[in-house]
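Please read the points below alongside the sequence and the structure. They are set out as a colleague's note for a reader who is new to protein models.

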Amino acid sequence: GGVNTDNFSVRWLGKHSFNSGNHTFTATADDGIRAFINGVQIIDGWVDQPATTYIATQTLTGADHEVKVEYYENGGGAIAEFSWQGQTNNPPQPIINTPSASLTWKVGDTINFSGSATDPEEGTIPASRLTWELIMQHCPSTCHTHLVQTYPSVASDSFSTPDHDYPSYLELKLTAADSQGLNASVSVNLYPQTVDLAFQSIPNGLQLTVGPENSTTPFSRTVIINSNNSVSASSPQTLSGKNYEFKSWSDAGAASHNIIALEINSTYEASYQEIPPLSGDGLKGEYFDRKDLTTLKITRVDPTINFFWGYGSPHPSIGSSTFSVRWSGFIQPQFSEVYTFHTYTDDGVRLWVNNVLIIDKWVKQGATEWSGSISLAAGQKYAIKMEYYEYLKSARAELRWSSTSTPKQIIPQINFFSQ
């Protein structure tokens, strides 16, 4: 049942993993030998012979391939050896010719770039296998990247330097790939030219916003020359118990505007004015015993307009079913903003601010809110008048306001002046 020492044969078969590239196969046999890759014969020594060596070279893809080796022994010595060795594929060597690392840039500069690559096995790499990447390295604390643009299949081109927050720099990266897909990269870092912008306020100690950051004056920012920077002076602000309203920027810009960083260090100053404290006494209230604002009964100063009489009346001398009231005087806002006035009455109401009728609902109605808006300047007194009438059942009269800096609320006494 054994195998004879002469006149026998063997077949070896299996799948093996190969790297992409050229491979050298070596077979040594006494007597015949032949070898196949994926069914294709690459060595044919199928003859009686003393120990003889055969060599074959094949280019294979990176994958599993079937290897089959067949051998026979006729007589005498018996030798069968088979091996292979892959050719080493070295990565290409890219070079950036321009720009050099010494180049510095301003926002909007045009920068030309060029490069090439060679490969130890293949020689010059064609431009079709070159890829450029322009990357912004943004480093506020630890760096992170923003891909600006890619330039595939070119040996040279140009780009315009982008606007970005500082600290940051540009990385220009060249990647070359050989025909087998092996690649290598090289980069050059390009640093921007910068300038310092100083920010102050009158008084100092207020908050200004430059770009995404809010800081207390005085402070400075380092930015890239020719960059576009947003600046904002929020208003109103409180400092040491006093209220301040934005007045102007030293460059005559609006409270929020953009500035271009020139090639010299610059200072920007935001001026604020103090908003004087208010000490109003209320509004004059004239109470009538008829709903048409006739038959005056009492006159007094009301701190606010915030009344719910229910089924009663404002005074024993006034009937509970049909009466009317006129409040008049002046109102002084703390901020220069658009204010919205809100009436909540049962029944009719009319409201004038600065002699402009902004609410006109002189009708029978259950408790209903109406609103009207008007622009007012901080510290200035404006005439205000509200007329109200009650007709049967429940009686209510309330006056509120709201603005960007003022939450909706009953208008407080300090903002009203009876004369």
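The numbered points that follow concern a predicted model.

1. The nonpolar cores. The largest nonpolar core has 32 residues. Those that touch the most other members are Trp 309, Trp 327, Phe 341, Leu 351, Ile 384 and Leu 399. A second, separate core is made of 20 residues, including Ile 96, Phe 113, Ala 176 and Ile 224. As background, nonpolar side chains in soluble globular proteins tend to be buried together.

2. The surroundings of Trp 309. Which residues does Trp 309 touch, if those up to four places away in sequence are not counted? They are Tyr 287, Pro 314, Phe 323, Trp 327, Tyr 388, Ala 395, Arg 396 and Ala 397. Of these, Trp 327 is also named with Trp 309 among the core residues that touch the most other members.

3. Strand E31 and its partners. Strand E31 covers residues 349-353, and four of its five residues are buried. E31 is joined by five bridges to strand E32 (residues 356-361), and the two run antiparallel. Within this pair, Val 353 has Val 356 as its bridge partner. The hairpin of E31 and E32 has two residues between the strands, and Asn 354 takes a positive phi near 55° there. E31 also pairs with strand E34 (residues 382-391), again in the antiparallel sense and over five bridges. Here Leu 351 stands opposite Met 386 of E34.

4. Ser 328. Is Ser 328 buried or exposed? Ser 328 counts as buried because its relative accessible area is 17%, and buried means under 20%. The residue lies in strand E29 (residues 322-331). Leaving aside neighbours within four places in sequence, Ser 328 is in contact with Leu 283, Lys 284, Glu 286, Ile 384, Lys 385 and Ser 418. One of these, Ile 384, is also listed among the core residues that touch the most other members.

5. A nonpolar patch on the surface. Ile 260, Leu 262 and Ile 264 form a nonpolar patch on the surface, with about 300 Å² of accessible area together. Ile 260 lies in strand E24 (residues 256-260). Ile 260 is classed as partly exposed because its relative accessible area is 43%, and that class lies between 20% and 50%.

6. An open sheet of five strands. The order in this sheet is E9-E16-E15-E12-E13, with mixed pairing. Its edge strands, E9 (104-105) and E13 (144-152), each pair on one side only. Strand E15 (residues 168-177) and strand E16 (residues 183-192) pair in the antiparallel sense over eight bridges. Leu 170 has Leu 190 in E16 as its bridge partner.

How values were computed
Residues numbered from 1 in each chain as written. Predicted model: local features only at pLDDT ≥ 70, side-chain atom pairs only at ≥ 80, totals over all residues. Heavy atoms only, no water. Patch = residues over 30% accessible without salt bridge, like charges linked within 9 Å, V, L, I, M, F, W, Y side chains within 5 Å. Areas by Shrake-Rupley, 256 points an atom, 1.4 Å probe, with all protein chains shown as cover. Salt bridge = Lys/Arg side-chain N within 4 Å of Asp/Glu carboxyl O. Buried < 20%, exposed > 50% of the residue type's maximum accessible area, 1.4 Å probe, protein only. Contact = heavy atoms within 4.5 Å. Core = buried A, V, L, I, M, F, W, Y, C linked by side-chain atoms within 4.5 Å. Pairing = 2+ DSSP bridges.
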